[in-house]
Amino acid sequence: MRFSVSLIPTLKEAPVEAHTASHRLMLRAGLIRPLGSGIYTWLPLGLKSLRKVEAIVREEMDAAGAQEVLMPAVQPAELWRESGRWDFYGKELLRLIDRHEREFCFGPTHEEVITDLARRELKSYRQLPIHFYQIQTKFRDEIRPRFGIMRGREFLMKDAYSFDMDAAGLDITYRSMYETYGRIFRRCGLRFRPVEADTGSIGGSASHEFHVLASSGEDVIASCSHCDYAANLEKAASGPLAPPTTTPAPQPLLQVATPGKKTIQEVSAFLQVGIERLVKTLVVEGDGQPYLLLVRGDHELNPIKAAAALGVRQLVVPEPGRIAELTGGLPVGFLGPVGTTLPVLADSALEASNAFVCGANTLDHHLTGVTWERDLPRPRFADLRNVVANDPCPRCAAGRLALDRGIEVGHIFKLGDKYSKALGVTVLDQEGKERTPIMGCYGIGVSRIVAAAIEQNHDDNGIIWPVALAPFEVEILLANPNDPLAKETAETLYADLHAKGIGVLLDDRDERLGIKFKDADLLGCPLRVVAGGRALKEGKVEIQVRKGGDPLQAPVGEAVTTLIARLQSLLAAESQG
């Protein structure tokens with residue numbers, strides 16, 4: 001590809017709305033251009049990288065025995081009503097009405113469609129296990145699209161679905177996909193971590209997310225310092241905590257005035273009590289039923305865990321006016337569990353607490369010395385909180401949890417029979433009896449991988465592409481287009497590399513070499529070759545690795561061999577993480 005005749009619209013500055021490195025650099029390097037909120041056009045260089053991700057995903061999925069299909073993007077509402085998700089999925093679902101007043105949606109995912117295909121085509125256990133995948137555009141109507149491709153409304157996704165006769169078969173397929181995903185992300189040159197995850201709106205019994213480690217990641221992942229335990233913040237659990245600071249027991253139950261002190265920090269400072277000895281009382285509604293949730297003052301409620309512990313599909317934190325209505329007019333900011341008529345669920349970290357502080361259900365007052373059983377019934381306890389750094393590991397006795405940020409690029413689920421049962425999929429088993437197949441679901445954010453790779457691989461000057469994802473592996477800078485020797489050398493290298501199957505970009509523009517250097521750093525090809533200058537007078541070209549290090553000079557006749565060897569070395573290092 002020749003720079004002079006290609007659409008590579010580099011920018012000196014990124015638009016002000018670009019807040020992440022990948023968004024800024026994808027705009028500046030001319031990889032994408034915005035069309036609307038969260039919707040982007042992929043330009044030639046960006047599309048080359050996107051297609052490379054697709055190729056890796058497709059090769060590994062095919063090798064794992066999955067069969068590629070292509071399902072419609074527009075899906076009839078009837079299927080979503082059969083599964084029960086038409087009303088539950090929410091406003092992210094882009095709903096459409098055709099000229100006949102029939103309802104459709106633009107698919108954010110394809111569980112319903114693939115399950116409909118299965119019920120029409122799968123009849124016998126002899127057809128199982130079977131595994132389908134597609135690489136296709138999805139649309140989710142994000143309320144606040146941001147970070148460019150990272151969280152857009154339209155995106156490219158690989159989604160796959162497996163059908164097995166039983167849970168044991170699904171375990172084998174699930175493990176195969178877990179290992180396949182590891183190979184995909186290693187081939188993409190990414191540093192990643194698989195973590196236990198919540199199944200969310202997709203549903204199912206178990207799931208793992210695959211996160212690219214990056215400081216800009218939206219997700220928080222917890223991992224053990226001693227064993228291989230890792231989970232996202234929604235799912236992460238802690239081992240048993242030591243009780244809070246020892247308090248003389250028993251203490252009398254006292255109601256004390258705390259005028260205007262509503263927040264945990266204000267009450268802690270006013271009463272001169274450690275924040276871990278305070279109890280937050282939170283009013284929530286689960287499927288329309290009000291509850292009181294209790295967590296320690298130094299902890300934060302995890303709504304996903306709370307919903308699971310309550311056994312509800314949706315958990316809502318009401319507005320202050322609604323809270324007053326649910327509690328019979330009790331003052332917000334001074335709520336407590338003593339004397340309440342609402343069902344109470346407390347975090348497990350409170351089980352060993354004694355003589356704690358909570359709201360008194362009276363304006364400008366709190367209770368101190370509150371003790372389980374003496375002052376209020378001991379409630380049911382469950383894991384309701386977000387873990388924090390240095391919590392004990394739930395899996396091993398020796399480890400402590402560390403928190404890192406990650407970008408989710410893959411997610412696998414054990415769906416069970418949620419969709420196959422709802423849509424009536426049955427096959428005949430060996431005894432001729434009808435059985436409902438067990439499903440798995442496996443997604444990869446193909447377009448998000450491009451952005452995640454940039455988040456993980458860049459510097460102040462631009463992108464540093466992993467070899468496997470680079471639009472071009474080598475960029476040749478023609479120092480002076482008017483120098484016959486330099487032009488002949490650059491053209492010969494360009495042709496020879498192209499003949500070897502190496503992606504090469506030739507910057508043949510009539511621009512100053514300094515401008516070409518800046519654009520080369522911005523575009524981030526793994527290797528850069530300069531044809532011209534003093535080195536060429538000595539029969540050599542200068543080769544620079546984009547990741548850094550000193551440049552080297554190679555004889556013109558050995559340049560192609562040297563470049564290929566360097567590329568192979570870089571690929572080997574990237575695939576090992």
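Q: Leaving aside neighbours within four places in sequence, which residues is Ser420 in contact with?

A: Contact just means heavy atoms within 4.5 Å. Here, Ser420 touches Thr115, Val425, Thr436, Pro437 and Met439 in that sense. A quick note on what you're looking at: this is a predicted model, where local features need pLDDT of at least 70, side-chain atom pairs count only at pLDDT 80 or more, and totals for chains, interfaces and linings use all residues. Residues are numbered from 1 along each chain as its sequence is written, and side-chain values use heavy atoms, with hydrogens and water left out.

Q: Is Ser420 buried or exposed?

A: Buried means under 20% relative accessible area, exposed over 50%, and partly exposed in between (1.4 Å probe, protein chains only). Ser420 counts as buried because its relative accessibility is 0%. You'll find Ser420 in helix α9, residues 418–422; helices (H or I, at least four residues) and strands (E, at least two) are DSSP runs, numbered from the N terminus.

Q: What lies 2.7 Å from a polar atom of the Ser420 side chain?

A: That's the backbone oxygen of Pro437.

Q: How many bridges does β11 make with β21?

A: Strands pair if DSSP finds at least two bridges between them. β11 (residues 219–224) and β21 (residues 401–416) pair in the antiparallel sense over six bridges. One example is Val220, whose bridge partner in β21 is Arg405.

Q: And what do β11 and β12 form?

A: A hairpin, with five residues between the two strands. β12 covers residues 230–232, and three bridges join it to β11 in an antiparallel run. Look for Ser223 opposite Ala230 in β12.

Q: Why is β11 largely enclosed by the rest of the structure?

A: Because five of the six residues of β11 are buried.

Q: In what order do the strands of the open sheet of five come?

A: Read it as β16-β14-β15-β17-β20, with mixed pairing. β16 (315–316) and β20 (380–382) stand at the edges with a single partner strand each, so one side of each has no neighbour in the sheet. β14 and β16 run antiparallel, joined by two bridges, and Glu285 stands opposite Val316 in β16.

Q: Which strand gives the most to the lining of the second largest pocket?

A: On a 1 Å grid over the protein atoms alone, a pocket is an open set of points where a 1.4 Å probe fits, with protein on both sides within 12 Å along at least five of seven lines; lining residues have an atom within 4 Å of a point. Here β14 gives the most, with six residues. Of the 23 lining residues, those closest to the centre are Lys262, Lys280, Thr281, Leu282 and Gly333.

Definitions and conventions: Polar contact = N/O pair within 3.5 Å; in protein donor to acceptor, adjacent residues only side chain to side chain.
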